[in-house]
Amino acid sequence: MENSEGVKIESTVVTEEPLISALDIALFVVIITVAYFWYFKRDKQSSSSEKKPYTIQPSSLSSIEQTSNSPFIKKLKSTGRSLVVFYGSQTGTAEEFAGRIAKEGARYKMKGMVADPEECDMADLVEMKEIQKSLAIFCIATYGEGDPTDNAMDFYEWLQNGDADLEGLNYAVFGLGNKTYEHYNEIAIYIDQRLEELGATRVHEIGLGDDDANIEDDFVSWKEKLWESVCSHYGIEETGEESNIRQYKLVDCSEVLPERIFSGEISRLKSYENQRFPFDVKNPYLSKIAVNRELHKSGDRSCMHIEFDIDGSKMRYDTGDHVAVYPKSSSELVDKIGELLNADLDAVFSLLNTDEESSKKHPFPCPCTYRTALTYYLDITSNPRTHIMKELIEYASDPKDQEKLKLMASSTPEGKKEFHEWILRDNRNIVHILEDLPSVKPDLDHLCELLPRLQCRYYSISSSPKVYPKSIHITAVLVNYTTPTNRVNKGVATNLLAQLIPTNDELPQPTIPIYIRRSQFRLPPKSQTPIIMIGPGTGLAPFRGFIQERDYARKEGREIGEMVLYFGCRKKDEDFIYENELQEYVANGTLTKLHLAFSRDQPEKKYVTHLLEQNADELWNIIGEKSGHLYVCGDARSMAKDVHSIIVKVVMEKGQMTNGQALNYVKKMEQQKRYSADVWS
């Protein structure tokens with residue numbers, strides 16, 4: 001027998017027996033019951049594993065630190081706190097500012113805590129109104145091209161997409177930005193406005209810190225006025241207590257077994273001996289240095305081409321990404337601190353938070369030696385901020401040294417002037433301060449508590465994974481300069497990298513911890529799209545990867561669009577980096593045009609911006625008539641701003657637009673990712 005579709009159907013003889021027996025029914029019920037409980041138990045476990053833990057983390061947490069599963073609002077209530085300071089931080093400054101505000105809250109009868117929004121359910125902000133005289137403060141940095149920091153991304157998206165009723169929430173916002181960037185403090189401004197839109201009450205006007213000028217001064221000035229507003233809003237008075245309260249207490253760890261002592265790992269003990277994928281900011285990959293060669297042909301400056309071996313790491317990167325490098329302080333500076341303070345740098349210690357409710361038990365991985373802390377965990381090369389000056393006062397035995405510290409710690413015009421000149425202009429770090437104020441002898445454990453964490457350094461990747469899937473290339477200028485006090489300051493990362501020279505023998509190759517940070521600096525999806533790249537000096541780095549990727553596509557037989565590169569340096573015979581490579585790309589047709597500016601090879605200075613103005617027709621042809629993409633990489637303070645002005649001018653003239661129309665056109669290019677910048681100040 002066949003059905004209508006021609007499929008054969010077997011005939012069977014049916015007996016009079018029941019189709020389903022009692023045993024079958026019983027088995028069926030058992031199976032359904034087991035499946036039901038299995039499914040819902042699995043679903044519950046899945047949901048709990050995906051939900052973010054309700055934890056409060058007042059600093060950059062590592063996996064060694066204990067976290068709480070309680071919502072931050074519950075912790076506030078259970079510990080009698082009314083002040084919570086959230087931070088959005090990429091380099092640690094916003095986190096540091098948040099800690100200072102929370103600590104000062106005690107002077108105004110507001111017990112505070114610091115919280116990482118990434119580790120909190122920010123929807124609980126609606127419950128802040130249940131706490132009497134409560135206040136939420138946000139120290140928020142703007143990063144990249146107007147982006148939130150990694151740890152504030154979820155909070156930012158929650159504000160954008162949600163419509164929570166925040167009536168009864170009292171708040172204040174301090175933003176950390178840099179005026180050399182186009183999107184100055186964009187995230188903090190948005191958060192400040194959005195909280196008000198959702199019904200929250202602004203206790204004090206937003207503060208905008210400019211890291212290109214003096215962000216410490218901006219913060220201190222805003223903070224003083226903040227507390228005035230707080231006192232007025234809540235009807236409270238300052239207690240006048242100025243005592244420096246330690247956040248951590250010293251614990252002697254001399255009896256701790258050697259295998260339990262940290263030796264430079266970022267979070268997990270022995271993580272460099274037992275590497276585990278995935279690798280990120282808290283779990284970097286210990287990469288071998290495969291290549292380290294000099295790019296400059298002559299002169300007294302140095303530019304290094306360095307290749308990190310990632311073979312076998314499972315790490316993947318895209319052209320345009322950044323690589324983070326974890327540096328370490330020079331042994332010379334570390335030894336100097338030990339000498340100045342007459343301290344045993346090899347003593348093993350731990351710093352334990354005096355606040356038992358805090359989710360951050362230690363300021364950095366503990367236990368460790370003082371030498372390890374100063375080398376791997378603490379920043380001893382940057383300019384200390386005013387709160388450190390204040391904490392050092394009690395350790396000065398000479399009245400003159402004491403008065404100088406008091407002045408610099410004050411917010412008076414004279415104090416700000418002295419701090420700016422003696423610390424910032426003269427570029428003193430903590431070692432220089434201890435040398436120049438010889439009576440100041442702080443306890444080393446207290447100094448370790450005060451100093452900020454040593455941060456990783458980011459470099460634009462100068463290779464394409466299509467061509468170099470097993471290595472990451474960077475292009476880095478060695479940083480060395482003489483300060484007004486005739487001291488030589490050295491870049492903490494580049495000077496370390498300069499020492500890591502691979503050998504040709506069987507000795508272990510030098511290594512350094514790294515991880516990959518994703519970027520929005522991307523080639524167009526279509527290889528046929530024409531592009532213009534503007535990258536003087538080491539701004540060439542990501543474009544080297546762009547060119548490699550397009551060259552790879554060309555060799556595969558795919559059509560590639562025009563590639564125009566603007567590169568500039570001081571002298572052709574001195575610092576024209578990757579010259580042979582670039583000329584080869586021109587010869588084989590991958591690089592359509594190579595515009596070169598050597599600023600000091602002729603009497604008048606000549607920069608890439610001059611060439612850009614001269615080639616207005618070519619510029620408009622690509623970005624205007626062919627809808628191409630334009631990329632800028634390098635100095636944000638002058639070069640990138642000048643390029644932007646030139647682009648607007650060309651769009652006006654060649655596109656026959658008004659100034660306003662040209663600005664809107666360029667703005668639309670940015671929104672469409674046709675105009676991208678990877679810049680630094």
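Modeller: Let's start with helix α5, residues 186-197 of this predicted model. Its twelve residues reach 16 Å from the first C-alpha to the last, close to the 16 Å expected at 1.5 Å a residue; the expected span is 1.5 Å times one less than the number of residues. Helices are DSSP runs of H or I with at least four residues, strands are runs of E with at least two, and both are numbered from the N terminus. The buried residues of α5 are Ile 187, Ala 188, Ile 191, Asp 192, Arg 194 and Leu 195. Buried means under 20% relative accessible area, exposed is over 50%, and partly exposed lies in between, with a 1.4 Å probe and protein chains only. An α-helix has 3.6 residues a turn, so residues three or four places apart point the same way. The cover over the buried residues of α5 includes β3 (135-143), β4 (147-148), α4 (153-161), β5 (170-177) and β6 (201-202). Just after α5, Gly 199 takes a positive phi of about 105°.

A word on how to read all this. Residues are numbered from 1 along each chain as its sequence is written, and side-chain values use heavy atoms, with hydrogens and water left out. Because the model is predicted, local features need pLDDT of at least 70 and side-chain atom pairs count only at pLDDT 80 or more, while totals for chains, interfaces and linings use all residues. pLDDT is the predictor's confidence in each residue, from 0 to 100. The protein has a mean pLDDT of 89, and 89% of its residues reach 70 or more. Over residues 1-20, pLDDT stays under 50, and residues 36-69 also stay under 50. Where pLDDT is low, the predicted coordinates should not be read in detail.

Now to the aromatic rings. The structure holds 25 aromatic pairs. Rings of Phe, Tyr and Trp (its six-membered ring) pair if their centres lie within 6.5 Å; planes under 30 degrees apart count as stacked, over 60 as edge-to-face and the rest as tilted. Phe 72 and Phe 86 form an edge-to-face pair, because their ring centres are 5.3 Å apart and their planes are at 90°. This pair links distant parts of the chain, with Phe 72 in helix α2 (residues 72-78) and Phe 86 in strand β1 (residues 83-88), 14 residues apart. Both Phe 72 and Phe 86 are buried. They belong to one aromatic cluster together with Phe 138, Phe 155 and Trp 158.

Next comes Met 304, in strand β10 (residues 303-309). Met 304 counts as buried because its relative accessibility is 3%. Its C-alpha atom is separated by 5.7 Å from that of Arg 293, eleven residues away along the chain. Beyond four places in sequence, the contacts of Met 304 (heavy atoms within 4.5 Å) include Asn 292, Arg 293, Ile 474 and Leu 497.

Finally, have a look at Ser 527, in the loop between β18 (511-517) and β19 (531-534). Ser 527 is buried, at 14% relative accessibility. A polar atom of its side chain lies 2.7 Å from the backbone oxygen of Glu 559. Leaving aside residues up to four places away in sequence, Ser 527 touches Arg 550, Arg 558, Glu 559, Ile 560 and Gly 561.

Note on methods: A polar contact is a pair of N or O atoms within 3.5 Å; within protein, one must be able to donate a hydrogen and the other to accept it, and residues adjacent in sequence count only if both atoms are side-chain atoms.
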